[in-house]
Amino acid sequence: MSSMQNNDAQVISRAPARADSDAYLRSRKRKLVRDRFLAIVTHTVLIIGGISMIVPFLWMLSTSLKEPGAVFTFPPQWIPKPAMWDNYARAWSAVPFGRFYLNSIFVALAVTLGQVFTSSLAAYSFARLRFPGRDNIFLGYLATMMIPGSVTMIPVFILLKTIGWIDTYWALIVPGIFSAYGTFMLRQFFMGLPRDLEDAAKIDGCSLFGIYYRVILPLSLPALATLTTFTFMGSWNNFMWPLIVINSMEKKTLPIGLASFQGLYTTDWTLLMAGSIIVLLPVLIVFIFNQRFFVKGIQLGGVKG
Amino acid sequence: MKRFFNRLTSSETVAGYTFLLPNFLGFLLFTSLPVLASLVLSFMDWDILTPPKFAGISNFVTLFHDKLFWQYVGNTLYLMANIPITMVGALLVALLMNQKLRGIVIYRTIYFLPSVCSGVAVCLLWRWLYNPDFGLINTMLGQIGIQGPDWLSSTTWAKPALMLMGLWGAVGGMNMILYLAALQGVPPELYEAAEIDGANAWQKFKAITLPFLSPTTFFIGIMAVIHGFQGGFMSAFIMTNGGPAGSTTTIEYYIYNNAYQWFKMGYAASIAWVLFIVVLIITLFNWRFGGKLVQYN
């Protein structure tokens with residue numbers, strides 16, 4: 001479609017020279033009408049789709065502000081009267097959402113920092129340094145990327161149980177720090193960097209760690225940002241692993257905290273929706289303001305994976 | 001030998017191993033050794049409390065005759081029917097969004113919203129939407145005279161309900177963005193040339209767009225299949241507890257139950273390994289035969 005518009009622009013600039021041709025004008029007019037028609041159809045379809053994306057959220061918001069009895073009325077009221085902002089206070093004090101937040105942020109930050117650090121060091125080693133066994137080790141990394149998580153989860157669970165890490169933050173953080181995928185992605189990116197700067201740095205007497213830290217990392221900010229985003233989101237949304245290794249309420253992350261909130265108030269919909277919004281809102285805000293960034297990150301990280 | 005030794009102690013080699021070490025230790029401890037450990041475990045009976053007992057291949061024999069396992073395999077495959085549906089949906093949305101329209105950023109943000117939301121909150125929301133008496137879906141169906149089913153408590157409707165939720169969450173997400181990026185990489189000259197030759201929109205789509213998208217389609221498809229086999233745990237755990245009558249329990253859920261609810265570690269490991277082998281075979285198959293359909297430029 002964008003091609004058509006480019007075409008149009010060219011045609012318009014040439015138009016005066018041919019303006020005398022009636023047939024030409026007619027065909028241009030037909031094309032314009034067709035394009036406008038197409039745009040209207042596209043907008044209509046996109047708006048209908050967009051409504052179905054948004055309406056569940058509005059329903060969630062509306063429910064979260066209703067009086068408990070008001071959810072069971074027919075037809076449903078969309079704008080609750082009175083608006084029960086108190087639901088949010090009740091949800092907030094029903095389970096320690098504040099604590100879940102802190103846990104999620106802390107764990108996600110630690111996992112992300114650790115993963116970016118160990119992955120980028122290893123990736124630099126794979127991409128630029130020569131040492132015996134390098135390519136075989138890298139092949140080993142590649143081979144494990146397809147192994148289902150549940151295969152490794154069981155022995156890791158037993159290992160952590162043996163060393164007494166179950167129900168600790170260590171169990172949430174340490175296994176998440178090492179990632180074959182992150183190493184692979186960064187290695188691919190590093191391979192594509194020009195070597196000139198590194199050679200120059202070498203001549204200036206820069207150490208290998210200095211090259212990694214001062215040359216490679218600054219050149220790789222887009223890839224690092226992508227890995228950071230993916231890792232952070234992955235840790236933030238991780239459900240099964242925290243569910244397995246965490247028991248005590250004050251160490252729960254948001255997803256499993258919200259799940260146990262559901263366990264306590266199974267059908268108290270106003271409260272459940274208020275709790276869900278408490279969990280969703282900050283993420284939505286961060287996303288809406290960094291929308292472009294997310295899209296770029298996906299394009300960079302997705303195609304290479 | 002001397003040269004080999006020299007290479008081992010050269011500064012680059014030392015640096016190489018040192019930089020690799022933190023990651024490699026983690027890789028050994030949390031990935032490669034556990035893979036072997038779970039293979040060993042799959043030939044054992046172990047409830048964690050008492051010492052493990054060697055069980056030979058009995059876990060695999062039991063698994064082969066385990067009616068529940070086959071039911072859950074069926075559930076997993078059924079839910080994976082969502083993969084092509086979601087991919088077509090994502091492609092359609094990407095095609096619409098690839099046009100120069102006003103407000104395209106707003107559309108893109110709105111369509112992407114569901115996929116950034118934490119899964120548990122979305123599952124709670126949909127459990128409420130599917131509420132048989134007061135949920136939005138049945139209320140709306142009621143207004144056009146249709147008596148909606150009790151979605152999540154019906155063995156017929158629970159899986160389609162989960163799939164619809166999955167479609168809603170994924171149609172404007174990562175895959176759509178990947179398709180959009182691929183669409184923007186198609187050279188406009190090709191369309192212009194095709195127009196001059198009098199090709200209509202469908203012919204242009206078939207002859208130019210689809211071939212250009214084939215590497216993306218291949219990538220998305222392979223990843224979706226790998227994830228699909230291991231999927232379905234969270235939504236079933238939150239929304240249906242795997243029911244009714246096990247109709248939404250997937251392989252992953254069964255592994256979870258065996259390992260962490262019933263502490264049948266050996267049996268769980270054997271299921272996980274079977275899953276691994278199946279994923280491996282299917283991915284290799286996809287690579288071998290799906291790869292032929294891909295046209296790289």
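1. **How to read it.** Residues count from 1 along each chain as its sequence is written, while chains are lettered from A and ligands numbered from 1 in the order in which they are written. Because this is a predicted model, local features need a pLDDT of at least 70 and side-chain atom pairs count only at pLDDT 80 or more, whereas totals for chains, interfaces and linings use all residues.

2. **Confidence.** The predictor gives the complex an ipTM of 0.88 and a pTM of 0.88. Chain B has an average pLDDT of 89, with 96% of the residues scoring at least 70; pLDDT is the predictor's confidence in each residue, from 0 to 100.

3. **The shape of chain A.** Chain A has 15 helices and zero strands; helices (H or I, at least four residues) and strands (E, at least two) are DSSP runs, numbered from the N terminus. Its radius of gyration is 27 Å, well over the 19 Å that the globule rule gives for 305 residues, so chain A is more spread out than a compact globule. That radius is taken over C-alpha atoms, and the rule is 2.2 Å times the number of residues to the power 0.38. The C-alpha atoms of chain A fill a box of roughly 85 × 75 × 35 Å along the principal axes.

4. **Burial in chain A.** Of its 305 residues, 37% count as buried. A residue is buried if 20 or more other C-beta atoms lie within 10 Å of its own, exposed if 12 or fewer, and partly exposed in between, with C-beta atoms placed from the backbone.

5. **Where the chains meet.** On chain B, 76 residues are in contact with 78 residues of chain A, a contact being two C-beta atoms, placed from the backbone, within 7 Å. Helix H2 (residues 11-41) of chain B gives the most to that side of chain B, with 20 residues. The side of chain B that touches chain A divides into 55 nonpolar, 16 polar and five charged residues. Here Ala, Val, Leu, Ile, Met, Phe, Trp, Tyr, Cys and Pro count as nonpolar, Asp, Glu, Lys and Arg as charged, and the others, Gly among them, as polar.

6. **The nonpolar cores.** Within the largest core, of 114 residues, A:Ile154, B:Ala268 and B:Ala272 touch the most other members. A core is a set of buried Ala, Val, Leu, Ile, Met, Phe, Trp, Tyr and Cys residues joined through C-beta atoms within 7 Å. Beyond its neighbours within four places in sequence, B:Ala272 is in contact with residues including A:Pro148, A:Val151 and B:Ser38. Apart from this core lies another, of 29 residues, among them A:Leu46 and B:Met176.

7. **Backbone details worth a look.** Most residues other than glycine have a negative phi, and most peptide bonds are trans. The bond from B:Gly243 to B:Pro244 is cis, with omega near -5°, and B:Pro244 lies in the loop between helices H13 (233-239) and H14 (251-261) of chain B. B:Asn241 is found in the loop between H13 and H14 of chain B, with a positive phi near 55°. What is the phi of B:Ile48 near? The value is near 75°, positive in a residue other than glycine, and B:Ile48 sits in the loop between strands E1 (44-45) and E2 (53-54) of chain B. B:Ile48 counts as partly exposed because it has 14 C-beta neighbours inside 10 Å.
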